[in-house]
Every structure is written in C-alpha cells, then in structure tokens.
Amino acid sequence: MNVTIDLSELNAAALEAQARAAHMPKESYLREIVERALHGQPVAAHGQPEGHPLKPKKSAYGLLAKYGPGPTDAEIDENRREMFNGFGELAP
C-alpha cells in the first residue's frame, strides 16, 4: 500500500537530515518511524526506540600508536631547513 504524505519544507528537511544521520534512505527511515508509532513504541529524537541508547563511537585515540612517537620539534625544524635550503634562489 502506498500512501502520500505532504510535509512542510522544514519537516522534509528534518526528515532527510535524520535519515542521513541514521544512514538510511529517507523512505526506509519514515517507514520505520511509522511502524514504531503503529506498534506503540516511542521513538527518541535520535531515531532509536526509547530505552535503547546509541552505541558510543570508537575513539581515534591511539590509532597511530603502532607507528611510534612522532618527530620532535628539533627534527621538524631540521627537515624544514633541509627542504627549503636554497628556496627562492635562482639556479646558475
């Protein structure tokens, strides 16, 4: 069964934004909201049923730790001096 729903531009934009945040097509997202409403499950603002909190995102902390410590300030300065040695001078 197909049903047409007229939404204001503001509500349509909000629906699209929430569907993107849920990584779902807007039609599927809207279908899920309607199904929850018809079955009496309250829907929280983040699209999950009430009582089902969002999973925390993984932290990027330590993502590059396997590569060891970064260069020191002195090493960075030395590399810059080497890279830009003769920069702006005309070649003979």
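Helices here are DSSP runs of H or I with at least four residues, numbered from the N terminus. With that in hand, let's walk through this predicted model.

**Stop 1: the whole chain.** Start by colouring the protein chain by secondary structure. Now switch to colouring by accessibility: of the 92 residues in the protein chain, 8% count as buried.

**Stop 2: helix H1.** Select residues 9–21, which make up H1. This helix has 13 residues, and the distance from its first C-alpha to its last is 18 Å, close to the 18 Å expected at 1.5 Å a residue.

Stop 3: Next, pick His23, which sits in the loop between H1 and H2. Is His23 buried or exposed? His23 has a relative accessible area of 72%, and the cut-off for exposed is over 50%, so His23 is exposed. Check the backbone while you are there: His23 has a positive phi of about 55°, although it is not a glycine. That deserves a second look, as most residues other than glycine have a negative phi.

**Stop 4: helix H2.** Move on to residues 26–38, the span of H2. The end C-alpha atoms of H2 are 18 Å apart, which agrees with the 18 Å that its 13 residues should span at 1.5 Å a residue. Beyond H2, select Gly40, whose phi is positive, near 75°.

**Stop 5: Arg36.** Still in H2, zoom in on Arg36. Its relative accessibility is 11%, and because buried means under 20%, Arg36 counts as buried. Which side chain does the side chain of Arg36 meet in a polar contact? The partner is the side chain of Glu32, at 2.5 Å. In an α-helix there are 3.6 residues a turn, so residues three or four places apart point the same way.

**Stop 6: where H1 meets H2.** Finally, show both helices together. Two packed helices are described by the angle between their axes and the distance between the axes. For H1 and H2, the angle is about 95° and the axes are 9 Å apart. Angles of 65 to 115 degrees count as roughly perpendicular, so H1 is roughly perpendicular to H2. To see the contact, select Leu15, Glu16, Gln18 and Ala19 of H1, then Lys26, Tyr29 and Leu30 of H2. Coloured by class, this contact shows four nonpolar, one polar and two charged residues.

Definitions and conventions: Residues numbered from 1 in each chain as written. Predicted model: local features only at pLDDT ≥ 70, side-chain atom pairs only at ≥ 80, totals over all residues. Heavy atoms only, no water. Axes fitted to C-alpha atoms, helices over the stretch in contact; angles between N-to-C directions. Helix = DSSP H or I, 4+ residues; strand = E, 2+ residues; numbered from the N terminus. Parallel < 35°, antiparallel > 145°, perpendicular 65-115°, else oblique. Contact = heavy atoms within 4.5 Å. Nonpolar A, V, L, I, M, F, W, Y, C, P; charged D, E, K, R; others polar. Expected span 1.5 Å × (residues − 1). Buried < 20%, exposed > 50% of the residue type's maximum accessible area, 1.4 Å probe, protein only. Polar contact = N/O pair within 3.5 Å; in protein donor to acceptor, adjacent residues only side chain to side chain.
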